[in-house]
Each structure stands twice: as structure tokens, then as C-alpha cells.
Amino acid sequence: MRKLSAFLLTAAFALLAGCAVPASTVPEISSAPESAAEETVRVTIPEGFTVLQICARLEANGICSGQEFFEASQAYEPSSFTVPEDENRAYKMEGYLFPATYEFQTNSDPTDVLITMLNAYRANAGDLTDEQLIVASIVERESRSEENAALVASVIYNRLEAGMPLQMDSTREYVNASITDSPYLTDTERFAALYNTYKCEALPAGPICCPGTRAMNAALHPADTEYYYFFFGNDNQNHYSSTLEEHEALMAEYGVQFGGED
């Protein structure tokens, strides 16, 4: 109170003398309500989230605009590791935004948010190659346990080695949810053909989600099997086969129809 009184006296004398009050002496008293101040927000990005889902969650929590985060993620070039520059990839940073619980300020700079997620990826991905990251993203969406993750990874690698199409339903789901219905993409038909493993050769053009460490470890250390087929049955379990005949028989047993080629 004494400092404020002294300031008022100084200001009064200055006004009487026809002088301006020095800006450096003006107390910084905010007139904005406390609710307008930036707050720390705790946000969880689950394993298997896509770039589109991350954009939506960041915006819903007031951290940054989804559109601005998308634009930042498409343009940013990490300095500590390499993210492929590939015109065939719908989302440059798909797969590289590590699933975790973060604390951000509301109204954060989108690039700062992006860098935090990329640093988490670098700290957890180890020696994972880009191809292994794509495999891990499929494993993430096709498995629900550590054991099944390693088995699904073995199927993927076995099919790739044999020159067989992957035919993973998760890639078709990705096309429908993240490409066909994307608010950010324009060349959706071209991207759809590059990600649907019922149509494209070998791996999709890029990851189909941001996998966690369980799926990453499976991509690095797949099970040693002779499986080429698997499906998720109506008993909530994965079933694996070495031959198409065995695969079709198991699917009939568990009431699952063949996925088709759409």
C-alpha cells in the first residue's frame, strides 16, 4: 500500500507539473479475470491414436488448434532423427507422435507441442527403422496383448517375405477414418490406394497410427512362426494359421466372414 500511495503522489505531482508519468513506474495490475489466464492441461494420447485423433484431442483440450498442429506437423523437420519426406504419405508425422500423458499449457505454440511428442518418440523408439515403425503401427491396431503383438508381427513379416499382400483390415479402417473423411487432405483417392493393403503392394505408404512400446517391441522382436494368416474371432481371441485352408476352416468355426478386397 505504501508503494502504491507513493506512486499516486508521484503521478499527481507529475500531472500538476505538466509532465508524463514514466511507463517504468506504472504498476502492472491486470484487469483480465483469472479464468482467462493460461492453464496447465494434462492430456493423454493413447496407443494407436492417429494424427487426426491427436489434432482433435489437442484442440478439444484448448492446447492448440488442430488445423495449426496439422500444418506444423507437415512442415517440421526434426534435427535429431529423420522422418521421411515422401509425397505418398498422407501425414508426415503419423507414427512419430509418441503415445503418453503430457502436460501442456493452453494456447501453446503447435510446434512446441509437436517437438515435445517427437522428443518422447526419440526417447522410446530405440533403433526402430521406418519400415519397422509401419509394421508396429499395424501390430498396434491388430493386437491386444504382448503375446499377440509378437505373433501378428510374425505374420506380417512372413507375408512380406513370401511376397504376399498383407490384406490387413486395419489399413482399410485407416483409409475410411483418416483419409476418405479427412478435413485436411485433398488427394484422398490417391492416398487411399497407397494405404489399403488389399490393393497396394507390401506395406502401406506410411504408418497407420502412432504405436506404443508394446507394438514397437513386437516389430523389433517378432515371434518365430510359420503363420501367414490370422483373424480376431467372436470369442475375442486371435487365431493363427499356416495355410489358407486352415484359416478358412477356423473362420467358419468362429463365425467370421472373409474380409474381401474392398
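Predicted model: local features only at pLDDT ≥ 70, side-chain atom pairs only at ≥ 80, totals over all residues.
## Basis

Residue numbers start at 1 in each chain, following the written sequence. Local features need pLDDT of at least 70 and side-chain atom pairs pLDDT 80 or more, while totals for chains, interfaces and linings use all residues, and side-chain values use heavy atoms, without hydrogens or water.

## Nonpolar core

The largest nonpolar core holds 62 residues. Such a core is a set of buried Ala, Val, Leu, Ile, Met, Phe, Trp, Tyr and Cys residues joined through side-chain atoms within 4.5 Å. Buried means under 20% relative accessible area, exposed over 50%, and partly exposed in between (1.4 Å probe, protein chains only). Phe 69, Leu 97 and Met 117 touch the most other members.

Met 117 has contacts (heavy atoms within 4.5 Å) beyond its neighbours within four places in sequence. Its partners include Phe 69 and Leu 97, along with Ile 45, Ile 54, Leu 58, Tyr 96, Phe 98, Tyr 102 and Phe 104. In soluble globular proteins, nonpolar side chains tend to be buried together.

## Cysteines

A disulfide is a pair of cysteine sulfur atoms within 2.5 Å. The count is zero. Cys 209 is in no disulfide, and its nearest cysteine sulfur, in Cys 210, lies 6.7 Å away. For Cys 210 the closest cysteine sulfur is that of Cys 209, too far for a bond at 6.7 Å. Cys 209 is buried at 0% relative accessible area. Cys 210 is also buried, at 0%.

## Helices α5 and α7

Helices (H or I, at least four residues) and strands (E, at least two) are DSSP runs numbered from the N terminus. The axes of α5 (130–142) and α7 (169–180) come within 9 Å and cross at roughly 95°. Therefore α5 is roughly perpendicular to α7 (65 to 115 degrees; under 35 is roughly parallel, over 145 roughly antiparallel, the rest oblique). Axes are lines fitted to C-alpha atoms, for helices over the stretch in contact, with angles from 0 to 180 degrees between N-to-C directions.

From α5, Ile 138, Arg 141 and Glu 142 meet Asp 169, Ser 170 and Thr 171 of α7. These residues divide into one nonpolar, two polar and three charged.

Thr 106 sits in the loop between β2 (101–105) and α4 (110–124). Thr 106 is buried, at 12% relative accessibility. Beyond four places in sequence, Thr 106 contacts Glu 38, Glu 39, Val 41, Asn 61, Gly 62 and Ile 63.

Gly 255 lies in the segment after α10 (244–253). Gly 255 is exposed, at 60%. Gly 233 is 22 residues from Gly 255 in sequence, and their C-alpha atoms are 7.5 Å apart.

Technical notes: Nonpolar A, V, L, I, M, F, W, Y, C, P; charged D, E, K, R; others polar.
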